[in-house]
Amino acid sequence: MKTVNINFTNSSGLKLAAKIDFPLVGEPKSFVLFAHCFTCSKNLKTVENISRALTQSDMAVFRFDFTGLGQSEGEFSKTNFSSNLDDLKKAYEFLEEEYEAPKILVGHSLGGAAMLHVAGSMKKVEAIVTIGAPATPAHVRKLFKGAQDEIDKVGKAEVDIGGRNFVIEKQLILDLEKNDSKKLIRALKKPLLIMHSPQDNIVSIDNAAEIYNAAMHPKSFISLDGSDHLMSETQDSLYAGSIIAPWASRYINVEKQPIAPEGEVWARISDQGFVTEITAGKHHMIADEPEEQGGNDLGPSPYGYLLSALGTCTAMTLRMYADYKKIDLKEVKVKLTHEKVHATDGVSVDGVKSKIDQIKRFIKLEGELTKEQRSRLIEIADKCPVHKTIEGKPEIITEEITAS
């Protein structure tokens, strides 16, 4: 994904820090407004992973820091649920004026509760997603349970939330309690996806049931089984993102369909790890390195894709040949391996034998085939275009793209 850092102004004149993640290639088919969890920030890895999954489905994601959090201006202790709702409305207005009004709202934890409160006023929103959201904002009070007496007596207290200290004032608690979600949820009448983990020990899954029962159809529930509240494991947040995109696509009115020109492939890697996004035409993929090589193993390695290209091309070539010759070829399985082996001829500096790349290809043919047909099909495998390209040592011309 491509990321643009921006700022927008809230109702109090404070600058709020935001990011927009765009698809690697082409224009986004829709914008997503994301609200992070209580005391979190837009830079939380969970938020980034969900955003990455959505951009791979040609969506642009707007994520920002609420007042007093992350890189946004303001004092967190002076904020409350109502000010969060106002920040969300300003984010919506900014997107509508500068880019395009978001069609999808995604909220994590208290951010999900906030999305349920503002969605009704956002006319161009067509789908809403909550992740680990409380059924009512007041649920957040349990985080301050140990400091409740001090808050009641002196009006504020310092509270440890997720290993960080925050000053919580009484006005925040009073504001949480006055916001009732149930009527608003029932009045939404917009497609709603509720995602929650049965193992969430911060916001119990009972909250998901309350939201589901309050909502009108169409509504859906997806279990994030095994995940904690913050989706600390990378695969949990990537899974959530991979579910949201196809679900939302059933409901949003897509006006744009970005497609890279046929035969054109784009690859992009950020400054964090080896995860690489690939766009080939209208298809999206992920490349990575194995964990033992310093990666996260979120996708095939570059050599994995190279072998995949040869394997698929081999299978397709045999299919085409068999169909043309009307050969009873039921199935083709191709197994490939790659390794560096010592060259049998030639010695490098210091008498150490040089190594060459060796790809081994094993082909299994299924069907009522004669010995001659099997032999011919194995010969045809060497004629697949990718095989010829690899053996032909293609010329690779590298140029820098200087235009933005």
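# Exercises on a predicted chain

At 74% relative accessibility, Lys 326 counts as exposed. The exercises below use this residue and others from a predicted model.

## Exercise 1. The surroundings of Phe 94

Task: Find which residues Phe 94 touches, leaving out those up to four places away in sequence.

Solution. 

Step 1. The residues touched by Phe 94 under this condition are Ile 6, Asn 7, Phe 8, Phe 62 and Tyr 99.

Step 2. Take Asn 10 as a further reference point. Asn 10 and Phe 94 are 84 residues apart along the chain, and their C-alpha atoms are separated by 9.7 Å.

Step 3. Turn to the chain as a whole. Among contacts between residues at least 6 apart in sequence, 64% join residues at least 24 apart.

## Exercise 2. Backbone angles

Task: State what phi Asp 58 has and what phi Lys 326 has, then find which residues the cis peptide bond joins.

Solution. 

Step 1. Asp 58 is not a glycine, yet its phi is positive, at about 65°. Asp 58 sits in the loop between α1 and β4 (59-64). With a relative accessible area of 5%, Asp 58 is buried.

Step 2. Lys 326 is not a glycine either, and its phi is also positive, at about 55°.

Step 3. The cis peptide bond joins His 217 and Pro 218, with omega at about 5°. Pro 218 is in the loop between α7 (206-214) and β10 (219-223).

## Exercise 3. A covered helix

Task: Find how many residues of helix α1 are buried.

Solution. 

Step 1. Helix α1 runs over residues 45-55 and has 11 residues.

Step 2. The buried residues in α1 are Thr 46, Val 47, Glu 48, Asn 49, Ile 50, Ser 51, Arg 52, Ala 53, Leu 54 and Thr 55.

Step 3. The result is 10 of 11, and the helix is mostly covered.

Step 4. For the chain, buried residues make up 44% of the 404 residues.

## Exercise 4. A cavity and a pocket

Task: Work out which element gives the largest share of the lining of the largest cavity, and which gives the most to the lining of the second largest pocket.

Solution. 

Step 1. The chain has three cavities of 30 Å³ or more. The largest cavity has a volume of about 80 Å³.

Step 2. Its lining includes His 36, Cys 37, Phe 66, Phe 81, Asn 84, Leu 110, Gly 111 and Ala 114. Helices α2 and α3 (110-118) each supply at least two lining residues.

Step 3. The largest share comes from α3, with three residues.

Step 4. The second largest pocket has a volume of about 320 Å³. The elements that give two or more residues to its lining are α9 (302-325), β15 (353-366) and α11 (385-391).

Step 5. Among the residues lining this pocket are Tyr 303, His 338, Asp 357, Lys 360, Arg 361 and Glu 391. Strand β15 gives the most, five residues.

## Exercise 5. The whole chain

Task: Describe the chain by its elements, its box, its surface and its charges.

Solution. 

Step 1. The secondary structure comes to 11 helices and 15 strands.

Step 2. The C-alpha atoms fill a box of roughly 90 × 55 × 40 Å, taken along the principal axes.

Step 3. The accessible surface is about 21300 Å², and 50% of this belongs to carbon and sulfur atoms.

Step 4. There are 50 positive and 57 negative side chains, and the centres of the two sets lie 5 Å apart.

Terms used
Residues numbered from 1 in each chain as written. Predicted model: local features only at pLDDT ≥ 70, side-chain atom pairs only at ≥ 80, totals over all residues. Heavy atoms only, no water. Helix = DSSP H or I, 4+ residues; strand = E, 2+ residues; numbered from the N terminus. Buried < 20%, exposed > 50% of the residue type's maximum accessible area, 1.4 Å probe, protein only. Contact = heavy atoms within 4.5 Å. Areas by Shrake-Rupley, 256 points an atom, 1.4 Å probe, with all protein chains shown as cover. Lys, Arg positive; Asp, Glu negative; His and termini not counted. Charge placed at Lys NZ, Arg CZ, Asp CG, Glu CD. 1 Å grid on protein atoms, 1.4 Å probe; cavity = no way out; pocket = protein on both sides within 12 Å on 5 of 7 lines; lining within 4 Å. Points joined across faces, edges and corners; volume = space filled by probe spheres on them.
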